[in-house]
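Open the model in your viewer and keep the sequence panel beside it. This tour goes stop by stop: what to select, then what is there.

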Amino acid sequence: MGQVRQPRRVQAYDGELEAAVARAQDGDETAFAVAYRIVQPGLLGYLRGLVGDDAEDVASDAWLEIARDLRRFRGDGAGFRGWTATIARHRALDHLRRQRVRPRAGGTEQDVLDLPATHSTHEQALESLSTERALELIRTLPRDQAEAVLLRVVVGLDGPAAARVLGKRPGAVRTAAHRGLKRLARQLGVGSETDPGVTDAACPTLGESK
């Protein structure tokens, strides 16, 4: 099975993010603001997919923890995005437990396995959505698929990084993301029965024009 690769725009920012985080760890508040500007859009999109309209409140709680523990972080720009996503996820799960909100299921496992898959299907599915509509649809996916799609496509993490956030094997996360994207494609009425061997390809960040 192919992989859903990181959005090119996210990869381009990783060098700038790494430098900003290093300066922020030395007390540079302006650098912290730069890191926030780079990370926040994807992080907020991820949280909207988990907690809906409460995303900004949960993100605020996550950033308080990120700022508090910043000096403990070790890693590059991609690692920082993974670290912040892990913190945000913990805060989101705490919020869901408090609110006793359960994610909505989007169908059976067999429904997902029966969906057609081509790389163009995934790109068509994402490109035909506005950001808010995309997140609304992603929230209808089974929990594992929704989180995998959000981390891979919205936050822009690679397979191993997303797996670390979720505490799962990279292969399991790739499979969940692939199945989630196929389900989104079918909900949107795009795709083809041909070329079933092609599975995943580079996907644009939600809301990103190509």
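**Stop 1: a pocket**

Start with the second largest pocket, which has a volume of about 180 Å³. This is a predicted model, in which local features need pLDDT of at least 70 and side-chain atom pairs count only at pLDDT 80 or more, while totals for chains, interfaces and linings use all residues. Residues are numbered from 1 along each chain as its sequence is written, and side-chain values use heavy atoms, with hydrogens and water left out.

A pocket here is an open set of points on a 1 Å grid over the protein atoms alone, where a 1.4 Å probe fits, with protein on both sides within 12 Å along at least five of seven lines; lining residues have an atom within 4 Å of a point. Grid points are joined across faces, edges and corners, and the volume is the space filled by probe spheres set on the points.

Select R48, G52, D53, E132 and R139. These lie nearest the pocket's centre, out of 10 lining residues.

Now colour α3 (55-69) and α7 (131-138). Each supplies at least two residues of this lining. The most comes from α7, with three residues. Helices are DSSP runs of H or I with at least four residues, strands are runs of E with at least two, and both are numbered from the N terminus.

Stay on R48. Its salt bridge partner is E56, with the closest N and O atoms 3.8 Å apart. A salt bridge is a side-chain nitrogen of Lys or Arg within 4 Å of a carboxyl oxygen of Asp or Glu. R48 is partly exposed, at 26% relative accessibility. The cut-offs: buried is under 20% relative accessible area, exposed is over 50%, and partly exposed is in between, with a 1.4 Å probe and protein chains only.

**Stop 2: the whole fold**

Zoom out. The protein has 10 helices and zero strands. Of its 210 residues, 50% count as buried.

**Stop 3**

The whole structure holds 10 salt bridges. Select R37 and E16. R37 sits in α2 (residues 29-51) and E16 in α1 (residues 8-25), so the pair ties together parts 21 residues apart in sequence. Both ends are partly exposed: R37 at 46% and E16 at 36%.

Next, select E65 and R91. This salt bridge has an N to O distance of 2.4 Å. It links distant parts of the chain, with E65 in helix α3 and R91 in helix α4, 26 residues apart. Are these two residues buried or partly exposed? E65 is buried, at 18%, whereas R91 is partly exposed, at 21%. Salt bridges with shared partners join E65, R91, D94 and R97 into one network.

**Stop 3: along α4**

(The expected span is 1.5 Å times one less than the number of residues.) At the start of α4, a side-chain oxygen of D76 comes to within 3.4 Å of the backbone nitrogen of A78.

Select R81, also in α4. R81 is buried, at 5% relative accessibility. What does its side chain reach? A polar contact of 2.9 Å joins R81 to the side chain of D14. The side chain of R81 also reaches the backbone oxygen of G156, at 3.1 Å. A polar contact is a pair of N or O atoms within 3.5 Å; within protein, one must be able to donate a hydrogen and the other to accept it, and residues adjacent in sequence count only if both atoms are side-chain atoms.

Move to A85 in α4. A85 is buried, with a relative accessible area of 0%. Draw a distance to L157: the two C-alpha atoms are separated by 9.3 Å, at 72 residues apart along the chain.

**Stop 4: α10**

Finish at residues 170-188. Helix α10 has 19 residues and reaches 27 Å from first C-alpha to last, close to the 27 Å expected. Its buried residues include V173, H178, L181, K182 and R183. Just after α10, select G189, which takes a positive phi of about 75°.
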